[in-house]
Amino acid sequence: MKKPRLTRAQKAVENRRRLMRAAAEVVGEHGYGDASISRIVERAGLAHGTFYLYFESRQDLFDQLLPEVGQEALAFIRDQVGEPEDFLTMEERGMRAFFDYVARNPSYFRIFTEAQAASPIAYERYTANRTGRFLDSITAAWRNGEVQGYSERELGVLTQIMLAARTYLYHQYGEGGDGSAKVPDWVISAYMRFVSRGIGAAAEKVPAAEGDTAARPRTRRTVAGD
C-alpha cells in the first residue's frame, strides 16, 4: 500500500525536522566549527538549496539548535518524572531520566557545551530556562519544609550543584556513546543519600543500593539558618 503524499505544509515540517536532526548529529560528531551546511544537508538527504528555505544562515540554524534539543530533553525528563510525591522522588526520577536521554542522544553534551561560544544567546536562554525550572521546584520544596537549613537565596547554589552533578556523574560512570550506557544504581543511590542528608531529609528515605552497606541513621544537627 502506497503511503499518502505529504501536503506542502507537511513536507516543509518534515524537511525542517530532518535538517535539525542532521545538524544535531553533525555537531555531535564534528562540533559547531566543522558543521558545514554541506555536511548537514548531505546527512539530511536534501538538496543544498533546501537549507535556505528554512534558515537564513548556518548561524541561524545554530541559534535554533540548542533551544530545540534542550526543549526535547526537558520534555522527555518531564514525562519520565510524572507527578512525584516529594522532592527527593522528583530528583531521583529526574536524574535517571536525564541519564536515559543523554544515553539515547549522545550529541546532547557537545551541542550544549560548545553553544556557549558558537551560539551564546541560545546558550544563555536555554541555561536560564533549565536552571529556572529546577530552582522553581526546589523553592517549592523549601516552602513545604522538605529542604531545611538554607536561606532562599542559597537555593540557587543547590540548583547549580545538583544540575552539575548530572553531567559529571554521567561522564564518570555512564558514558558510552552508543545508547547502551547505563549509570549503575549504586551511583544514583549514593548521590541520593548525599542529597537527602544535604537538604535535611531523613536518611532512611533513601536506602543504600543492593550490595552496599546502608548508612547509619543520622541525628539531625542544627545548620546555620535554621
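**Aromatic rings and a helix crossing**

Phe 76, Phe 98, Phe 99, Tyr 101, Tyr 108, Phe 109, Phe 112, Tyr 123, Tyr 126 and Tyr 170 together make up one aromatic cluster, where rings of Phe, Tyr and Trp (its six-membered ring) pair if their centres lie within 6.5 Å. The model is predicted, with local features needing pLDDT of at least 70 and side-chain atom pairs pLDDT 80 or more, while totals for chains, interfaces and linings use all residues. Residues are numbered from 1 along each chain as its sequence is written, and side-chain values use heavy atoms, leaving out hydrogens and water.

**Aromatic pairs**

- The structure holds 16 aromatic pairs, and the one between Tyr 32 and Phe 62 is edge-to-face, with 4.9 Å centre to centre and 90° between the planes (planes over 60 degrees apart count as edge-to-face, under 30 as stacked and the rest as tilted).
- Tyr 32 lies in the loop between helix H1 (8-30) and helix H2 (37-44) and Phe 62 in helix H3 (residues 58-81), so the pair ties together parts that are 30 residues apart in sequence; helices here are DSSP runs (H or I) of at least four residues, numbered from the N terminus.
- Both Tyr 32 and Phe 62 are buried, meaning under 20% relative accessible area with a 1.4 Å probe and protein chains only.
- Phe 51 and Phe 55, with ring centres 5.4 Å apart and planes at 40°, form a tilted pair, and both residues are buried.

**Helices H4 and H7**

- H4 passes H7 in a right-handed crossing, that is, with the near helix turned clockwise from the far one by less than a right angle.
- The residues of this contact (heavy atoms within 4.5 Å) divide into 10 nonpolar, two polar and two charged, where Ala, Val, Leu, Ile, Met, Phe, Trp, Tyr, Cys and Pro count as nonpolar, Asp, Glu, Lys and Arg as charged, and the others, Gly among them, as polar.

How values were computed:
Helices (H or I, at least four residues) and strands (E, at least two) are DSSP runs, numbered from the N terminus. Buried means under 20% relative accessible area, exposed over 50%, partly exposed in between (1.4 Å probe, protein chains only).
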